[in-house]
Amino acid sequence: MKKLLNTVFVTTPHLYLRLDGANLVVWNEETQVGRLPLHNLEGIVTNNYVGMSPALMSACMERNIAISFLTGSGKFQCRVVGPTFGNVLLRKKQYLVSESEVDSLRIAKKFIIGKLFNQRWQLERFTRDHSLRIDQVLFKTISQELKEGIQTITSNIADLDSLRGIEGQLASRYFFIFDQMILQQKDHFTFHGRSRRPPLDSVNALLSLAYTLLTHDCAAALESVGLDPYVGFMHQDRPGRLSLALDLVEELRGVYADRFCLSLINRKIIKPQHFLEKESGAVLLTDEGRKLFFDAWQSKKNEKLQHPYLGEKVQWGLIPHIQALLLARYLRGDLDEYSPFLWK
């Protein structure tokens, strides 16, 4: 159990949540493992089919404490709220901001600044750790381009189309050296650019699956705080498109999904025999490959790091939820700015 920004995250399986007076009490069989006063809470997010007493649910509804249920893999199931819960106002503000290019641009800039910052430090760390196996000059050049991109976005970008343009240019430059970050199994794993729908090589198959899982995790996080994952600020609205989830994915894409896929290859967790090629040219993971991928993804979500804004140790799997909370607080007016996730 972890309390962050007045929201409790229960990620340990087989727990039961009860009400004791005006307190949330967490039990593991016959042992009490946590206690928090309800007046300090505004949300509870549970994974792994955590049990909860009707008395606690009723007390939460009376106090406008939202309860979100996620599966063990992080898929959003449902959200229980009281009849007068204020997220109607939050969503109305979200929709209002999404209709204003000026207000949308202010948030969209943060997503892309976070993306470029994280990609830059990914390259810097790779240069430091593997200097003899890569083109250091090229890595440093593109790292500097990403830094200058952040400066340009901060001072000179005045509309969303310009922001999308510079993001696309710098994404191309980042992927230009992505192949050099593949250090093992080079006979099979090579990268010559992004291919989607379908992926045409093994690296793109891994990236596409990781981006899909991360998008679903971000959508679940946004749902859990009362935001509409389909109404974004940078990605345009389309029927069935998780536009806001895709916005949130941007700042996490390189540091979360890309690094994860590279580690699968470089640590030889995923091997050439874990792929198959369809007649259409699409390259997909085999059943065994998908199992290895999903097991590693869940392990990654349980790893801990220090969140740069909160200054606390948290699980990687909670990062989308923390960012969703920060975004909701910004939209409600509780924060002056949205703080993207900046990793080093």
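Close-up 1. Leaving out residues up to four places away in sequence, Glu-250 touches Phe-111, Ile-112, Lys-115, Glu-167 and His-235, where contact means heavy atoms within 4.5 Å. Glu-250 has a relative accessible area of 4% and is therefore buried, a term for values under 20% with a 1.4 Å probe and protein chains only, as against exposed for over 50% and partly exposed in between. Helices here are DSSP runs of H or I with at least four residues, strands are runs of E with at least two, and both are numbered from the N terminus. Because the model is predicted, local features need pLDDT of at least 70 and side-chain atom pairs count only at pLDDT 80 or more, whereas totals for chains, interfaces and linings use all residues. Residues are numbered from 1 along each chain as its sequence is written, and side-chain values use heavy atoms, with hydrogens and water left out.

**Close-up 2. His-235 in the loop between helix H6 (202–224) and helix H7 (243–266).** His-235 counts as buried because its relative accessibility is 15%. Apart from neighbours within four places in sequence, His-235 is in contact with Arg-241, Ser-243, Leu-246, Asp-247 and Glu-250. The side chains of His-235 and Asp-247 are joined by a polar contact of 2.7 Å, that is, a pair of N or O atoms within 3.5 Å, of which, within protein, one must be able to donate a hydrogen and the other to accept it, residues adjacent in sequence counting only if both atoms are side-chain atoms.

**Close-up 3. The positions annotated as "binding site" in the UniProt record.** The unreviewed entry gives this annotation to Glu-167, His-235 and Glu-250; such annotations may be inferred rather than shown by experiment. These residues are spread over 84 residues of sequence, yet they cluster in space, with a largest C-alpha distance of 12.1 Å.

**Close-up 4. Strands E3 (residues 16–20), E4 (residues 23–28) and E5 (residues 31–37).** E3 and E4 pair in the antiparallel sense over five bridges, pairing being assigned if DSSP finds at least two bridges between two strands. E4 and E5 also run antiparallel and are joined by six bridges. Leu-24 in E4 stands opposite Leu-19, and its bridge partner in E5 is Leu-36. Two residues lie between E3 and E4 in their hairpin, where Gly-21 in the turn has a positive phi of about 65°. The hairpin of E4 and E5 likewise has two residues between the strands, and Glu-29 in that turn has a positive phi of about 60°.
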